[in-house]
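The sequence and structure come first.

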Amino acid sequence: MKTRRRPTINSSGDTATRRTQRRRARLVGLAILATLALSLASLTSPFSLIELRSFDYLSTFSPPPLPKDGPVIVAIDEPSMAEIGRQWPWPRGLHAQLIEALRGAGAKAIGVDVIFAEPSTAPENDVALAAATGPDVVLAGDETLITTPQADQFVRTEPLAQLTVRGARTGIASVHLSGDGTLRQVPPYADGFAARLAEAAGRPQQSWSGTALLQTFGTARTTVSYYQALDPGQFLPEGFFRDRIVIIGLSLQNAPTLQAGGADAFATPFTVHTGQLVAGAEIQATIFDNITSGLFIGKAGQPTVIAAIALAALLAAAVVFRSTGWVTAAFSVPILLFFIAASYALLQFGRVFVSPAGPMLSYLAIVAGQTAFDYAAERRSRRDITRAFSRYLSPALVERLANDPSQLKLGGERRTLTILFCDVRGFTTISEALKDDPEQLTALINRLLTPLSEIVLESGGTIDKYIGDCLMAFWNAPLDDPDHASHAVGAALRMLEAIETLNAELRQEAGAIGDEPRILRIGIGINTGDCVVGNMGSSRRFDYSVLGDSVNLASRLEGESKNYGVPLLIGERTAALSAADFTIAELDSITVKGRTTLSPIFTVLQSAPKEALEWHRHLIAAKYAGGLRKDDPAFEALESDLPQLSDYYRLLRSRLT
């Protein structure tokens with residue numbers, strides 16, 4: 001007949017699987033939540049400004065060099081004001097002279113970043129300027145959005161019609177600023193000032209979208225003063241303007257600051273480093289270089305932004321899937337730097353800007369969220385461990401468990417333990433005597449169990465339970481204790497000393513009131529063996545306890561101690577493990593209830609002469625051999641030399657024939 005093997009239930013494995021599944025589900029939820037939240041946030045103005053600020057730093061970290069054939073700036077600046085000696089605005093005839101001088105010096109195209117929308121007070125100056133313009137000249141126009149409660153209206157301002165009759169082009173010089181007042185965007189005008197200047201110079205343009213971002217340059221552009229350009233032969237090297245594109249514009253402050261502002265000056269991405277504004281003419285030159293050399297940077301669309309945020313969330317989930325801690329921080333720093341490096345590489349080599357802000361925030365949100373969950377779980381675990389084991393373990397051991405819960409297996413495990421049972425002798429008699437005074441009985445038991453419990457805890461033991469007047473404890477769980485047998489035996493000896501101290505107190509108290517003292521005696525049984533230790537009980541209520549044949553033997557040894565006239569009996573394995581630390585004496589081999597094999601039993605002596613121990617071993621050998629007689633002279637000598645075993649020897653003699 002075949003026997004059916006019972007399936008093994010791996011509760012700890014199932015628990016770990018459920019814990020992994022819960023963690024995975026939580027991380028998926030966090031990733032989805034972070035992706036949705038940041039995707040929606042990326043549509044808002046504040047978040048957009050964060051992304052654009054990251055663009056400022058990345059685009060200016062290592063900007064490309066200025067194109068060699070880029071525009072030359074003719075600056076209407078303070079030196080020119082002083083040299084010319086006239087109040088602004090200058091006569092348009094003077095601008096006509098400048099255009100003629102530049103054309104004569106070989107300039108390919110000339111852009112005048114000054115708006116001439118109204119007739120001047122001297123018509124002859126308008127005529128002179130009109131005569132100087134031609135297809136190689138671009139005059140600035142403006143487009144302004146005027147918002148009223150009734151409607152939004154674009155107002156377009158162009159140069160006087162008479163100034164363009166000879167083929168001069170009109171270019172819109174307006175720029176679009178971000179919400180923080182910084183110029184980052186390539187103007188979306190097809191007839192923009194820089195675009196018209198490129199047409200006049202015969203330079204092809206790269207197509208760009210309305211969201212294209214401006215690449216600014218860190219190096220200074222070639223700039224000359226207005227008065228120098230009026231007479232280049234005197235002030236400038238020969239051929240300085242030959243085949244060059246020239247932009248004329250205001251630059252009344254050499255380096256206007258963000259706080260002070262400036263005429264026709266704007267903050268750019270470089271302003272985060274310098275704190276200075278850039279003149280409008282310089283801005284137009286930068287736009288020209290961007291659209292003719294293809295240096296502008298495309299801004300990634302919303303699908304790409306969402307994909308980057310989602311990928312960062314998944315990466316974060318993978319990093320924290322197993323745990324969080326210092327390793328997570330060590331991994332996170334290079335990952336966050338990777339997001340920045342990847343964004344920079346796309347910007348520099350792909351001319352596409354994908355802000356690292358979204359992915360970084362997504363990554364940090366997942367890591368921080370899971371870290372918060374883990375921290376809360378750790379706090380709960382510490383609280384649960386402290387609550388569960390504060391009754392069983394010393395505070396130091398509870399702290400060790402709370403700091404490292406991995407040392408604890410609550411699902412049940414097989415371990416080698418040393419188990420101790422301690423019971424009060426004659427407690428029934430004491431209870432009967434105090435049956436009318438339960439408070440005194442309870443106080444007496446508490447006075448007894450308190451020092452015994454403290455000794456167990458101080459020696460690294462775990463208190464399993466109290467059974468009336470009986471205390472059960474074990475060593476080597478939940479924390480490892482390589483010397484568990486010696487610690488248990490040492491605790492037993494200290495418990496016996498504590499009982500003597502308590503009895504002395506009881507004698508003194510009874511004598512003070514003229515009463516008979518109630519003397520307490522205890523019996524202790526200790527055994528070492530393999531046990532199952534873990535949470536025992538129902539799904540609603542359980543205790544951390546032990547089960548096994550070794551536990552039963554420890555209990556039987558405690559009960560047998562009174563039959564051998566000693567307060568302490570230990571099992572064979574306990575004796576072997578603690579023999580190096582204590583004086584062990586074998587007493588007998590017995591068959592206890594529930595076992596069919598003989599179990600050697602031992603006791604522990606506080607002190608004993610070697611010669612007496614040798615006589616004791618001979619006496620026990622004679623007992624086993626059946627040759628021991630009650631009149632053996634060894635009894636008299638041993639009762640004198642080993643007084644701790646005197647009761648044992650008297651009992652042994654009484655059982656001999």
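The largest cavity has a volume of about 70 Å³. Its lining has 13 residues, and those closest to its centre are Pro187, Gly192, Phe193, Ala194 and Ile287. Two or more lining residues come from each of helix H6 (193-201) and helix H10 (280-293). By type, the lining of the largest cavity divides into ten nonpolar, three polar and no charged residues. Here Ala, Val, Leu, Ile, Met, Phe, Trp, Tyr, Cys and Pro count as nonpolar, Asp, Glu, Lys and Arg as charged, and the others, Gly among them, as polar. The count is two cavities of 30 Å³ or more.

A cavity is a set of points, on a 1 Å grid over the protein atoms alone, where a 1.4 Å probe fits but cannot get out; lining residues have an atom within 4 Å of a point. Grid points are joined across faces, edges and corners, and the volume is the space filled by probe spheres set on the points.

The model is predicted: local features need pLDDT of at least 70 and side-chain atom pairs count only at pLDDT 80 or more, while totals for chains, interfaces and linings use all residues. Residues are numbered from 1 along each chain as its sequence is written, and side-chain values use heavy atoms, with hydrogens and water left out.

Helices (H or I, at least four residues) and strands (E, at least two) are DSSP runs numbered from the N terminus. In H10, twelve of the 14 residues are buried (under 20% relative accessible area, with exposed over 50% and partly exposed in between; 1.4 Å probe, protein chains only). Among them are Ile283, Ile287, Phe288 and Ile291. The buried residues of H10 pack against strand E1 (72-76), H6, strand E7 (245-250), strand E8 (265-266) and strand E9 (278-279). Helix H16 (residues 438-458) has 21 residues and reaches 30 Å between its first and last C-alpha, close to the expected 30 Å.

His95 is in helix H4 (residues 92-104) and counts as buried at 5% relative accessibility. Its side chain makes a polar contact with the side chain of Tyr226 at 2.7 Å. A polar contact is a pair of N or O atoms within 3.5 Å; within protein, one must be able to donate a hydrogen and the other to accept it, and residues adjacent in sequence count only if both atoms are side-chain atoms. Not counting residues up to four places away in sequence, His95 touches Trp88, Trp90, Phe116, Leu129 and Tyr226, where contact means heavy atoms within 4.5 Å.

Trp88 is also joined to Pro89 by a cis peptide bond, with omega about 5°. A cis peptide bond joins Ala477 and Pro478 as well, with omega about 0°. Pro478 lies in the loop between strand E14 (470-475) and helix H17 (484-513), and Asn476 is found in the loop between E14 and H17.

| Residue | Phi |
|---|---|
| Arg351 | near 55° |
| Asn476 | near 85° |
| Gly294 | near 65° |
| Gly460 | about 85° |

Arg351 is buried, with a relative accessible area of 17%, and Asn476 is buried at 11%.

Definitions and conventions:
On a 1 Å grid over the protein atoms alone, a cavity is a set of points where a 1.4 Å probe fits but cannot get out, and a pocket is an open set with protein on both sides within 12 Å along at least five of seven lines; lining residues have an atom within 4 Å of a point. The expected span of a helix is 1.5 Å times one less than its number of residues.
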